[in-house]
Amino acid sequence: ILEEADFKGEDFNLFQVAGQKCLEDGHAAQLLEIIQNEKNKVIIKNMGWNLISPLVRCIFMYKQEDDKREQCLRILDQLAQLCNPKELFLGLLEQIEQTSGEQVCQTVMLLLQPLQTVLLKLQNKKAYSVGLSLAVIMNQLTPLPVPYTKQQIQEDKLGLCQCCNAVLDFAKPFVNEVVKNIEKSSECNDMELKEELIKFCMKSLKYPLLTAQLEQLEGIEEHPFRHFATEIIDILWNIGELIPLVFVHHKSKGPQWEDQEFADIERKNSAESLACLSYLIFAQHLGVECFPVVFSPSYLLLCNMTHIEVLLKRTEESVLSKGLDLFESCLLRMEDNSLLHHYLEFRNFINVPQDLVKIMTLCPMEHMGKKSLNILQLFINKFDTEGKYTLLRCLLKTSNHAGVEGYIIKNIKDQIHLALTKEYDNIWFTGHHLISLLDLVLSLPEGAETDLLQNSDRIMASLNLLRYVVIKDCESDNQTGVWTTLGKIEQNFLKPLRVGLNMSKAHYEAEIKNKKENRKEAHSSNTVCSVTVSGEKMPAMTTGMQLQVLHSALFTFDLIESVLARVEELIEVKTKTVMDENS
């Protein structure tokens with residue numbers, strides 16, 4: 001029994017080896033007695049932290065109901081009470097850092113209580129130590145996959161759901177400390193501790209909440225991630241940071257990185273955390289009761305467009321769906337035609353619909369594409385007439401996809417219909433504004449040589465629009481201005497389309513004739529050809545399959561030709577009628 005000053009290096013080694021041997025040989029009860037013996041308090045205070053690593057190994061070795069496991073847990077509890085807080089703090093963190101794989105959550109949950117006990121004893125650098133503890137814990141959890149399906153959440157194979165909520169209990173005393181400080185002086189004296197808690201919340205929003213499934217699930221009474229999300233929001237609210245984070249785009253007082261790459265990563269992480277926070281509040285309505293009901297729907301949309309853009313840039317379904325849900329939720333708060341066209345001056349009001357178009361055309365998940373299309377239509381509907389005009393014009397120019405262009409042209413046709421059937425003047429979808437828009441609509445990208453098959457959706461929509469205008473707008477009224485620019489429309493659209501159709505039909509008919517002759521020569525329809533797409537070989541096509549594709553193309557050309565013929569006939573009849581009236 002020595003005093004603190006008399007300890008030597010070899011004493012530490014001797015103590016660690018002896019303690020480890022006791023544990024490995026199953027003498028946990030005797031070791032507990034030694035630790036509890038008042039005479040040994042000096043040696044335990046200074047050397048006890050060395051037992052953490054062998055102790056954790058033994059706890060995991062014993063089964064849950066084993067008495068020896070219970071004794072090891074009591075030793076851990078005693079060490080937390082008796083050891084030098086600073087030394088034990090470092091020992092516990094080191095143990096958490098060294099764990100990996102399936103044991104991460106088990107180790108963290110095991111050591112949270114002693115770590116909390118030690119932190120509450122620390123006098124110096126307490127905020128820094130709390131922040132370091134939370135950072136180490138979150139860094140260890142982050143590589144683990146987040147359970148997503150109902151079955152995965154219920155199984156919680158790695159214990160992540162349970163562990164995340166245990167971390168919240170660990171943080172509670174420190175949150176309470178900040179809250180008490182705020183209550184005493186209306187502002188927080190311990191800004192460092194508050195800042196560390198904000199960092200923890202921001203990290204939690206990025207992981208696990210950004211990729212977690214947060215919808216209510218049938219059969220799960222308390223959804224672990226919804227509970228975790230609610231608690232994170234409560235922390236931010238209690239420390240007075242929720243509204244500033246949502247509306248003022250809080251700038252962290254974290255490190256100012258000299259390396260631009262680190263600075264960019266920090267900015268990206270912060271943007272994704274804030275986007276997740278907005279999703280929780282405005283799409284999942286968690287903590288929404290904290291907000292004063294004074295914000296207009298258009299202001300809420302403006303605040304959230306940056307967050308929506310951040311979420312839609314990601315490709316994972318779990319994140320992408322959050323972006324779509326947040327966007328939809330903001331739009332559903334608004335009345336149709338209520339969003340002023342001035343909002344399109346904000347860059348993300350143009351970027352976000354363009355992101356929706358990318359999801360519609362590139363995302364392999366069909367349900368995501370359909371949802372994006374519905375939300376795009378919802379977004380278009382919310383704008384005033386000038387906003388609709390500007391947005392549709394922009395999307396027509398930038399979508400670069402015949403199907404989307406066809407959809408946009410159908411929207412333009414619907415707006416022309418409203419302009420012609422309503423009593424009040426609509427200057428944007430009639431007259432010179434409309435003519436400017438129709439210059440884009442009634443055109444072929446490469447004249448007569450345009451690939452009509454690839455652009456069939458756009459061409460059919462354009463012809464349907466022109467047919468509608470020719471029927472609805474009398475030449476004497478000429479509200480749309482189409483009749484005065486008919487020569488230009490014929491020159492730029494109708495004539496090249498007629499020439500292109502004749503060329504395409506002749507080419508495909510010749511190809512069909514060719515294939516049929518080749519098939520007769522081969523005496524079999526099993527002749528195959530290989531097709532390569534983006535450098536990858538597609539399944540081989542028999543001659544019969546090739547003929548089917550060629551006939552399908554001819555059918556499309558016939559469809560376009562029938563509508564074109566009807567448009568030409570309508571123009572001829574109406575023009576003749578006016579000429580007869582004039583004569």
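Helices (H or I, at least four residues) and strands (E, at least two) are DSSP runs, numbered from the N terminus. This is a predicted model, where local features need pLDDT of at least 70 and side-chain atom pairs count only at pLDDT 80 or more, while totals for chains, interfaces and linings use all residues. Residues are numbered from 1 along each chain as its sequence is written, and side-chain values use heavy atoms, leaving out hydrogens and water.

How many of the 16 residues of α8 are buried? The count is 12, so α8 is largely enclosed by the rest of the structure. Lys 126, Ser 129, Gln 140 and Leu 141 are among the buried ones.

## The nonpolar core

Leu 141 is also one of the residues with the most contacts inside the largest nonpolar core, which has 180 residues. Such a core is a set of buried Ala, Val, Leu, Ile, Met, Phe, Trp, Tyr and Cys residues joined through side-chain atoms within 4.5 Å. Helix α10 (residues 160–185) gives the most to this core, with 13 residues.

Leu 497 is on that list of most-contacted core residues too. Setting aside neighbours within four places in sequence, Leu 497 is in contact (heavy atoms within 4.5 Å) with residues including Leu 444, Leu 463 and Leu 564.

## Helices α15 and α17

Now look at α15 (residues 297–312) and α17 (residues 348–362), which pack at an angle of about 35° with their axes 9 Å apart. Axes are lines fitted to C-alpha atoms, for helices over the stretch in contact, and angles run from 0 to 180 degrees between N-to-C directions. Leu 301, Leu 302 and Met 305 are among the α15 residues in this contact, and Phe 349 is one of those from α17.

## A closer look at Phe 349

Is Phe 349 buried or exposed? Phe 349 counts as buried because its relative accessibility is 0%. Leu 301 and Phe 349 lie 48 residues apart in sequence, and their C-alpha atoms are 9.7 Å apart in space. Beyond its neighbours within four places in sequence, Phe 349 is also in contact with Tyr 343, Phe 379 and Phe 383, among others.

How values were computed:
Buried means under 20% relative accessible area, exposed over 50%, partly exposed in between (1.4 Å probe, protein chains only).
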